[in-house]
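Here is a short tour of one protein with its DNA. Keep the sequence and the 3D view open as you read.

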Amino acid sequence: MHDVYRRLLDHFGPQAWWPAETPFEVMVGAVLTQNTSWANVRRAIDQIREAGLLEPTALYKLDPEELAELIRPCGYFRLKAGRLRNLLRLVVEEYGGDVEAMLADDPDELRRALLAVNGIGPETADSILLYAAGRPTFVVDTYTHRVLARHGRIDFDAGYHDVQEYCTASLECDVQTYNELHALLVRVGHEHCRKRPRCAACPLADLLPDGRPLEPGE
DNA sequence: GACCAGGCACATC
DNA sequence: GATGTGCATGGT
């Protein structure tokens, strides 16, 4: 994986992720960006901010239907209002609304607590661990999966943990490295690996194994 | 108008 | 355990 990381970093440069001002904003964004483009998520977060509610206790107290209206631009707004409230319940009721205290908790413990929240799966939990808590946890998303599968690094049917292990096996366990690599994979996926067949201008094109055919799915 | 976007839970076989 | 489906807005 080191070769992929090197190539992407040389090609695109540092990505300066996650695009948020505070750890709490990262947490909110991590839920809202599920299967959703970031442009739409930003509108939703801006509306929360403009309402003066980008803070856990106030947001949790807000009427669920009003919360849904605030986040409408990011899609699945009723569903996500519920999921966000489930996360806020953990912050407010288990940690007294103290985000810093929550994020300072033991990482394994925190990951379990996050995964126990209905609406938070492995990617959302790992995003919060890496980008809000600053823990060295690699985030696997659809781009990670697609880019690596299209370039013959993993199987198309590899599971979350398989991909995570492939990515971290040959890299230093380091927050900045994981941060950058995930962001770079999203960037290359977005710009070069969306449609089939593969794009010749992809910076990873010559890292392909020889003669490997493109899989039919995806 | 079709297709896509930084997932996840739940139903069904 | 695998596979399918609902959730929804906004850009290309």
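## Ground rules

A residue counts as near a molecule or strand if its C-beta atom, placed from the backbone, lies within 6 Å of it. The model is predicted, so local features need pLDDT of at least 70, side-chain atom pairs count only at pLDDT 80 or more, and totals for chains, interfaces and linings use all residues. Residues are numbered from 1 along each chain as its sequence is written, while chains are lettered from A and ligands numbered from 1 in the order in which they are written.

## Around DNA strand C

DNA strand C is surrounded by Asn35, Thr36, Ser37, Ala39, Asn40, Arg72, Pro73, Gly75, Tyr76, Phe77, Arg78 and Leu79. Two helices give two or more residues each to this surface: H3 (38-50) and H6 (77-95). Helices are DSSP runs of H or I with at least four residues, numbered from the N terminus. H6 provides the largest share, three residues.

Five residues of this surface are nonpolar, five are polar and two are charged. Here Ala, Val, Leu, Ile, Met, Phe, Trp, Tyr, Cys and Pro count as nonpolar; Asp, Glu, Lys and Arg count as charged; the others, Gly among them, count as polar.

## Around DNA strand B

Which residues come nearest to DNA strand B? Of the 24 around it, they are Gln34, Gly121, Glu123, Thr124 and Thr142. Helices H9 (122-132), H10 (142-150) and H12 (175-192) each supply at least two residues of the surface. H9 has the largest share, with four. The surface divides into eight nonpolar, 13 polar and three charged residues.

## Two domains

Chain A splits into domain 1 (2-15 + 139-207) and domain 2 (23-132). These bounds come from an automatic or database domain assignment. The domain centres, taken over C-alpha atoms, are 26 Å apart.

Seven residues of domain 1 are in contact (C-beta atoms, placed from the backbone, within 7 Å) with six residues of domain 2. On the domain 1 side, H12 gives the most, with three residues. That side holds five nonpolar residues, one polar and one charged.

## The nonpolar core

A nonpolar core is a set of buried Ala, Val, Leu, Ile, Met, Phe, Trp, Tyr and Cys residues joined through C-beta atoms within 7 Å. Buried means that 20 or more other C-beta atoms, placed from the backbone, lie within 10 Å of a residue's own.

The largest core has 53 residues. Met27, Val28, Leu32, Ala44, Leu87 and Ile128 touch the most other members. Helix H2 (residues 23-32) gives the largest share, seven residues. Both domain 1 and domain 2 contribute at least three residues each. Beyond its neighbours within four places in sequence, Ala44 is in contact with Leu32, Leu70, Ile71, Pro73 and Cys74.

Conventions. Two residues are in contact if their C-beta atoms, placed from the backbone, lie within 7 Å. A residue is buried if 20 or more other C-beta atoms lie within 10 Å of its own, exposed if 12 or fewer, and partly exposed in between; C-beta atoms are placed from the backbone.
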